[in-house]
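Please read the points below with the sequence and the model open beside you.

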Amino acid sequence: MLQKFFFLILSLIFITKCISTESDLEPVGPIPNKHQSAWQELEYYAFIHFNMNTFTNKEWGYGDEKPSQFNPTELDTQQWARVVKEAGMKGIIITAKHHDGFCLWPSKFTEHSVKNSPWKMGKGDLIRDLSKACKEYGLKFGVYLSPWDRNHPSYGKSEYITYFRNQLRELLTEYGEIFEVWFDGANGGDGFYGGANEERRVDKKMYYDWPKTIELVRSLQPQAVVFSDAGPDIRWVGNEKGYANETTWSPIYRDSVFAGMPDFQRFASGQENGTHWVPTETDVSIRPGWYYHPEQDDQVKSLSKLVDIYYNSVGLNSSLLLNLPVDNRGLIHENEVKNLKALADYLNTTFSYNYSKGQKVKTSSTYKGYDNSALIDDDKKTYWASDINDQNPTIEIHLDNPVRVNTFMIQEYLPMGQRIKSFYFEVFTGGNWEKVYEGSTIGNKRLIRFKTQTIERARFTVNDKKAQIVISNIGLYRAKDLDY
Ligand code: FUL
């Protein structure tokens with residue numbers, strides 16, 4: 001009898017232990033490392049394409065340009081930093097060297113640089129000026145270094161890789177902290193190549209020996225995230241139009257992809273069961289070209305287009321790298337300044353007031369102590385989790401008084417992995433629930449737009465998920481109506 005009793009007690013202890021370890025909240029799939037997490041907070045930052053092409057009015061220089069052609073007369077990196085800061089962007093990535101090989105810093109390893117240009121009588125260093133301006137304005141600073149070099153005589157041979165890494169070392173050791181290193185997937189083709197004037201194709205997967213170059217970045221700037229089509233830290237969104245995919249998984253089977261691979265687009269959505277955390281970055285230019293062309297002065301993207309891009313990048317689990325083609329005076333053009341400011345005002349007005357704050361939030365379940373008050377505390381580090389057995393978790397906002405809104409925001413708590421596979425969103429108005437949106441993934445941030453209306457409640461429901469959901473924040477906003 002006593003034996004049976006002991007056996008029962010032991011079994012009970014064993015079962016309770018199993019349940020409690022099984023039910024502890026654990027990440028699902030890959031998660032961001034600390035540098036990726038810091039990058040994820042930036043959301044919106046500037047690309048600046050300014051280099052030899054600005055003066056030759058081209059998009060891709062052949063590599064035979066003369067340093068004497070680089071001659072900005074009013075170059076002012078302080079103006080760039082000020083405009084970017086006032087636009088609400090968090091940093092700048094500059095084309096230190098584009099495909100034509102001209103360097104914006106006086107590299108020791110080539111004569112094809114600012115040191116042989118009339119600008120500042122060859123004494124200038126644009127990378128230094130810009131890194132200082134960024135520091136002064138509290139902006140992050142990043143570099144684009146084109147792997148393809150249509151000027152260099154050794155491009156295509158192993159000597160060029162040494163040259164490329166020497167340049168990278170200069171950029172990563174002489175200009176302070178770098179937040180992102182940007183490697184373009186476009187490489188190999190015809191060019192000047194020191195006078196050879198020929199076509200040089202490279203094996204995009206093998207030629208650059210990327211793992212070694214990435215090791216170099218890690219050793220010199222461990223906090224920097226490395227962008228290329230395929231990562232390792234951040235991947236390309238798959239187009240240059242400013243639009244992430246409706247389904248955007250941050251995980252990807254990273255080791256099966258490489259920069260410049262011809263069919264990269266098929267990875268644009270990421271993979272639900274990917275093995276590595278490699279979130280997307282959406283790069284798009286504010287004008288049709290990446291570089292400044294005077295004939296495009298009246299083609300700066302409008303406020304409504306920029307808003308649309310913002311919602312479809314930042315609001316679709318991506319970040320927005322918006323390119324500003326600095327003009328041939330060396331300034332961000334007035335037309336850009338105007339539209340960037342309009343976007344900043346629009347976003348500030350929209351997101352400065354969260355209508356769900358201080359309201360009643362009801363959730364279909366709550367896991368352990370992860371209380372749903374965390375959803376409206378505007379703190380990304382606190383979160384609510386649904387119960388393991390809750391198949392279709394819901395979050396409902398009950399408003400004290402009806403409000404006129406048109407935007408819903410929701411964020412998954414990324415240190416627990418990306419979990420939501422599909423959802424829908426409803427509003428309660430005039431005594432009925434109305435479904436206003438159906439979607440798939442969430443990730444860092446999902447912004448949902450719907451017709452401006454007065455609502456009494458709002459409800460987010462999960463259709464399908466990888467595991468119990470873990471959400472850090474939600475929000476309800478009213479954006480000014482625009483014509484799209
Ligand atoms: C592309 C380049 O070829 C363009 O010139 C531009 O720099 C863009 C950001 O990436 O692949």
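1. Basis of the note. This is a predicted model, in which local features need pLDDT of at least 70 and side-chain atom pairs count only at pLDDT 80 or more, while totals for chains, interfaces and linings use all residues. Residues are numbered from 1 along each chain as its sequence is written, and side-chain values use heavy atoms, with hydrogens and water left out.

2. The ligand shell. Which residues are around the ligand? They are Phe47, His49, Trp60, His98, His99, Tyr144, Trp182, Asp184, Ala186, Glu240, Asp283 and Trp290; a residue is near a molecule if one of its heavy atoms lies within 4 Å of it. By class, this shell has six nonpolar, three polar and three charged residues. Here Ala, Val, Leu, Ile, Met, Phe, Trp, Tyr, Cys and Pro count as nonpolar, Asp, Glu, Lys and Arg as charged, and the others, Gly among them, as polar.

3. An oxygen atom of the ligand lies 2.7 Å from a side-chain N or O atom of His49. For the side chain of Trp60 the distance from a ligand oxygen to an N or O atom is 3.0 Å, and for that of His98 it is 2.9 Å. Taken alone, the ligand exposes 290 Å², of which the protein buries 91% (Shrake-Rupley method, 1.4 Å probe; for residues, only the protein chains shown count as cover).

4. Aromatic rings. The whole structure holds 38 aromatic pairs: rings of Phe, Tyr and Trp (its six-membered ring) pair if their centres lie within 6.5 Å, and planes under 30 degrees apart count as stacked, over 60 as edge-to-face and the rest as tilted. Tyr311 and Phe351 form a tilted pair, with 6.4 Å from centre to centre and 35 degrees between the planes. This pair links distant parts of the chain, as Tyr311 is in helix α8 (residues 303–313) and Phe351 in helix α9 (residues 334–351), 40 residues apart. Helices (H or I, at least four residues) and strands (E, at least two) are DSSP runs, numbered from the N terminus.

5. Cover and charge at that pair. Is Tyr311 buried or exposed? Tyr311 counts as buried because its relative accessibility is 3%, whereas Phe351, at 26%, counts as partly exposed. Buried means under 20% relative accessible area, exposed over 50%, and partly exposed in between (1.4 Å probe, protein chains only). The charged end of Arg449 sits over the ring of Tyr311, 4.5 Å from its centre. The term requires NZ of Lys or CZ of Arg within 6 Å of the ring centre and within 35 degrees of the ring normal.

6. Tyr193. Tyr193 is in one aromatic cluster with residues including Tyr155, Phe183 and Trp210. Tyr193 lies in the loop between β5 (189–191) and β6 (198–200) and is buried, at 1% relative accessible area. Although not a glycine, Tyr193 has a positive phi of about 45 degrees.

7. Other backbone points to check. Asn317, in the loop between α8 and β12 (318–325), also has a positive phi, near 60 degrees, without being a glycine. The peptide bond from Gly231 to Pro232 is cis, with omega near 20 degrees. Pro232 is in the loop between β7 (225–227) and β8 (235–236).

Technical notes
A polar contact is a pair of N or O atoms within 3.5 Å; within protein, one must be able to donate a hydrogen and the other to accept it, and residues adjacent in sequence count only if both atoms are side-chain atoms.
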